[in-house]
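The report below goes through one structure, from its loop and sheet to its charges and its pairs of residues. Please read it with the sequence and the coordinates at hand.

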Amino acid sequence: MPKMKTKRSAAKRFKVTGTGKLKRSKAYKSHILTKKSAKTKRNLRKAGYVSEAQEKVMKKLIPYV
């Protein structure tokens, strides 16, 4: 059986935490930032986590990470 290939796009977007959850960055923080409040931009800097419903699918994309 050959090795599974990692989806490189997913490997660049997700990191695995110590407990096995998938950490991700939040959307809507790349441009048009002038109309967003400082509080919104500050909260977008924080890490988000992949939901439990999607986590099983995402872990198949990155089998060795």
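Where does Ile-32 lie? Ile-32 lies in the loop between E2 and H2, where helices (H or I, at least four residues) and strands (E, at least two) are DSSP runs, numbered from the N terminus. The model is predicted, and for that reason local features need pLDDT of at least 70 and side-chain atom pairs count only at pLDDT 80 or more, while totals for chains, interfaces and linings use all residues. Residues are numbered from 1 along each chain as its sequence is written, and side-chain values use heavy atoms, with hydrogens and water left out.

Ile-32 has a positive phi of about 55° although it is not a glycine, and with a relative accessible area of 46% Ile-32 is partly exposed. On this scale buried means under 20% relative accessible area, exposed over 50%, and partly exposed in between, with a 1.4 Å probe and protein chains only. The areas themselves come from the Shrake-Rupley method with a 1.4 Å probe, and for residues only the protein chains shown count as cover. Tyr-28 is also placed in the loop between E2 and H2, and its phi is near 70°, a positive value in a residue other than glycine. His-31 lies in the loop between E2 and H2 as well; between the C-alpha atoms of His-31 and Gly-48, 17 residues apart in sequence, there are 19 Å in space.

| Residue | Relative accessible area | Class |
|---|---|---|
| Tyr-28 | 69% | exposed |
| Lys-29 | 38% | partly exposed |
| His-31 | 53% | exposed |
| Ile-32 | 46% | partly exposed |

**The sheet**

Strands of a sheet pair through backbone hydrogen bonds, either parallel or antiparallel. Here three strands form an open sheet in the order E1-E2-E3, with antiparallel pairing, and two strands are said to pair if DSSP finds at least two bridges between them. Strand E1 (15-16) and strand E3 (48-49) stand at the edges with a single partner strand each, so one side of each is left without a neighbour in the sheet. E1 and E2 run antiparallel and are joined by two bridges, and Lys-15 has Lys-23 in E2 as its bridge partner. Arg-24 is placed in strand E2 and counts as partly exposed at 33% relative accessibility; its C-alpha atom is separated by 5.1 Å from that of Phe-14, ten residues apart along the chain.

**Charges**

How many salt bridges does the structure hold? The structure holds one salt bridge, a term that stands for a side-chain nitrogen of Lys or Arg within 4 Å of a carboxyl oxygen of Asp or Glu. In this salt bridge the side chains of Lys-59 and Glu-55 meet at 3.5 Å, N to O. Both residues lie in helix H3 (residues 52-61), four residues apart, about one turn of the helix. Lys-59 is partly exposed with a relative accessible area of 37%, whereas Glu-55 is buried with a relative accessible area of 15%.

On the surface, Lys-29, Lys-39, Arg-42, Arg-45 and Lys-46 gather in a patch of positive charge. Patches are made of residues with over 30% relative accessible area and no salt bridge, where like charges are joined within 9 Å and nonpolar side chains (Val, Leu, Ile, Met, Phe, Trp, Tyr) within 5 Å. Lys and Arg count as positive and Asp and Glu as negative, while His and the chain ends are not counted; the place of a charge is taken as NZ of Lys, CZ of Arg, CG of Asp or CD of Glu.

**Two further pairs along the chain**

Pro-2 is found in the segment before helix H1 (8-13) and is exposed, with a relative accessible area of 66%. Pro-2 and Lys-39 are 37 residues apart in sequence and 48 Å apart in space, C-alpha to C-alpha. Ile-62 lies in the segment after H3 and is buried, with a relative accessible area of 4%; the C-alpha atoms of Ile-62 and Lys-7, 55 residues apart along the chain, are separated by 6.2 Å.
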